[in-house]
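Visitor: Could you take me through a close look at one residue and what surrounds it, and then show me how strands are arranged elsewhere in the chain?

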Amino acid sequence: MYKSVIIGTGPAGLTAAIYLARASLNPLVIEGEQPGGQLTTTTEIENFPGFPEGIQGPELMDAMRKQSERFGAKFQTGRASAVDLSSGSPFTITLENGEQLSTETVLISTGASAKYLGIPGEQDNIGRGVSTCATCDGFFFRGKKIIVVGGGDSAMEEAGFLTRFATEVTVVHRREELRASKIMQERVQQNEKVKWALGYTPLAVESSPEGVVKGLKVRGLDGSEKLIEADGVFVAIGHTPNTSFLAQQVKLDEHGYIVVKPGTSLTSVAGVFACGDVQDKKYRQAITAAGSGCMAAMDCEKYLEGDMVHDWGGLL
């Protein structure tokens, strides 16, 4: 029987592990298919406080893991395939290999996976010209030409943000009509730096033998193909929260994100807490994920001490 099990090892899960370990609760952290989360696919991070010269994503995650281990956090490689939260604490977590873990509390920090196009050259160039986060990587494209793929509100938001850095931003969408709200469309259409390539389907990210992105190969509605030249390609077609293993045992919103009581990490199940991108579809930053991991650990500690009043704010 564990006091606490953390599912996921991004900035949220590792921060929670540091706090719980320092509280002598000896948390067990379940590492999934991508230990360290999305930041392990990121090269240089310049907006995480405390690193004036920047830091590599894998290096930051490794440092956070070592910090939690220093205080007593334990790690187990595996992927949670199912959980049983229906009967209250203690909870059961089932791993893919069939092993079952019993715990008094669960912290869910499984994140959200960016949706990709699935075209040649895309995965090979992640972190080297292909990105899914304008806020994270836009600065690196100052004075460059950028492509944003997508037609929804998130794509319009990314395109508008990237005009702060790029000389030109081309929005590529496979339909001739955008899905974005009217106000978002109008805001971007008024920006002189934004160009449009509507009715074009992405075929491949083209790059040089040295690994430098040259642009996006696309096919028009008439069947013709061309290369839209650019120094970077930002894919903005949405994210999928990693909550399928929960089987609706905690309250989720219409997009599959875990619903938490505002200002806390409390889910609809007492003793189950959520932090990071799995419950945050707005900010999705390493620092906000880390902050929510701190909140989850402190909420969990109070719950285990019996000091928490279970006012779930209508989440049930």
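Guide: A polar contact is here a pair of N or O atoms within 3.5 Å, where, within protein, one atom must be able to donate a hydrogen and the other to accept it. The model is a predicted one, and the residue to look at is Ser-131, which lies in strand β10, made up of residues 130-131. Buried means under 20% relative accessible area, and because Ser-131 has a relative accessibility of 6%, this residue counts as buried. A polar atom of the Ser-131 side chain lies 3.0 Å from the backbone nitrogen of Cys-133, and the side chain of Ser-131 is also joined to that of Asp-137 by a polar contact of 2.6 Å.

Elsewhere, Gln-56 belongs to strand β4, residues 55-56, and with a relative accessible area of 37% it is partly exposed. The C-alpha atom of Gln-56 is separated by 8.6 Å from that of Leu-39, a residue 17 positions away along the chain.

As for the strands, there is an open sheet of 3 strands, ordered β14-β15-β16 with antiparallel pairing. Its edge strands, each pairing on one side only, are β14 (200-207) and β16 (225-229), and neighbouring strands of this sheet are turned against each other by 30° on average, with direction ignored. Strand β15, residues 213-220, pairs with β16 in the antiparallel sense over 5 bridges, and Gly-215 stands opposite Glu-229 of β16.

Key. Residues numbered from 1 in each chain as written. Predicted model: local features only at pLDDT ≥ 70, side-chain atom pairs only at ≥ 80, totals over all residues. Heavy atoms only, no water. Helix = DSSP H or I, 4+ residues; strand = E, 2+ residues; numbered from the N terminus. Buried < 20%, exposed > 50% of the residue type's maximum accessible area, 1.4 Å probe, protein only. Pairing = 2+ DSSP bridges. Axes fitted to C-alpha atoms, helices over the stretch in contact; angles between N-to-C directions.
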